[in-house]
Each structure stands twice: as structure tokens, then as C-alpha cells.
Amino acid sequence: KREDAASLVNRVDTTVEEFKRALKEQVREQSPYELFNGRLAMVGFALAVMGDSVTGGLGPLTQLSTETGIPVIDAELFGAFF
């Protein structure tokens, strides 16, 4: 039974090490995309703040309502589902 337990521990350790290696590889591959996505989010936030100041304090949903004619509550429901 000791050999079975040692074999099981060895298999678990091997599986954990393989998982760590695969996770590192995945993170390394996705890093440029995550960096671009983060920078794009910062640009979007800066443009939202700029639009807020240009429209005199209207929030993003109110701006959308003003530009498209869709009432804010409909835009909120749309945003909640998509």
C-alpha cells in the first residue's frame, strides 16, 4: 500500500506541475492581448469622462438617450442583457 500511496503522490505532483506549466504558458501567450485590452479600457474611460464634461454633466446612458432617442431605462435593460 505504501508503494500505491507513493505512486499516487507522484502522479498528483506530476499533474500539478504540468498544470502550472500550462497555466504559465497560457498567461504568457495572453499577456499582449490583456495589455492591449487594458489600454483600450483606459482610453474608453478617458473618452467617457471627456464626453461627460462636454455634455455638461450628462452620464453615458443619458448621452446615449439624447443621441439615439432611446429612453434611459431601455438602454439600461439592453446593457444588462448584452
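Modeller: Arginine 28 forms a salt bridge with glutamate 25, and the closest N and O atoms of the pair are 2.6 Å apart. Glutamate 25 counts as partly exposed, at 29% relative accessibility.

Arginine 21 is joined by a salt bridge to glutamate 18, with the closest N and O atoms 2.6 Å apart. Arginine 21 and glutamate 18 are likewise three residues apart in helix H1, which means that about one helical turn lies between them. Both count as partly exposed: arginine 21 has a relative accessibility of 47%, and glutamate 18 has one of 42%.

The remaining pair consists of lysine 20 and glutamate 17, whose closest N and O atoms are 4.0 Å apart. These residues, too, are three positions apart in helix H1, so they are separated by about one helical turn. Lysine 20 is partly exposed, with a relative accessible area of 48%, and glutamate 17 is partly exposed at 49% relative accessibility.

The helix that carries these pairs deserves a description of its own. Helix H1 covers residues 2-54. H1 has 53 residues, and the span from its first C-alpha to its last is 73 Å, close to the 78 Å expected at 1.5 Å a residue. H1 has a kink of about 45° at serine 31, shortly before proline 32. Just after H1, glycine 56 takes a positive phi of about 85°.

A surface feature of another kind involves Val43, Leu47, Met50 and Val54. These residues form a nonpolar patch on the surface, with about 400 Å² of accessible area together. Valine 43, one of the residues of the patch, is found in helix H1. Valine 43 counts as partly exposed, with a relative accessibility of 47%.

The protein chain has three helices and zero strands, and its pattern along the sequence is α-α-α. Of the 82 residues in the protein chain, 5% are buried. The chain exposes about 7,400 Å², and carbon and sulfur atoms supply 65% of that area.

Finally, a word on confidence. The mean pLDDT of the protein chain is 84, and 88% of its residues reach 70 or more. Confidence is highest in H1, at a mean of 90, and lowest in helix H3 (residues 72-81), at a mean of 64. Where pLDDT is low, the predicted coordinates should not be read in detail.

Notes: Residues numbered from 1 in each chain as written. Predicted model: local features only at pLDDT ≥ 70, side-chain atom pairs only at ≥ 80, totals over all residues. Heavy atoms only, no water. Helix = DSSP H or I, 4+ residues; strand = E, 2+ residues; numbered from the N terminus. Buried < 20%, exposed > 50% of the residue type's maximum accessible area, 1.4 Å probe, protein only. Areas by Shrake-Rupley, 256 points an atom, 1.4 Å probe, with all protein chains shown as cover. Salt bridge = Lys/Arg side-chain N within 4 Å of Asp/Glu carboxyl O. Expected span 1.5 Å × (residues − 1). Bend = angle between axes of the 7 residues up to and from the residue. pLDDT = per-residue confidence, 0-100. Patch = residues over 30% accessible without salt bridge, like charges linked within 9 Å, V, L, I, M, F, W, Y side chains within 5 Å.
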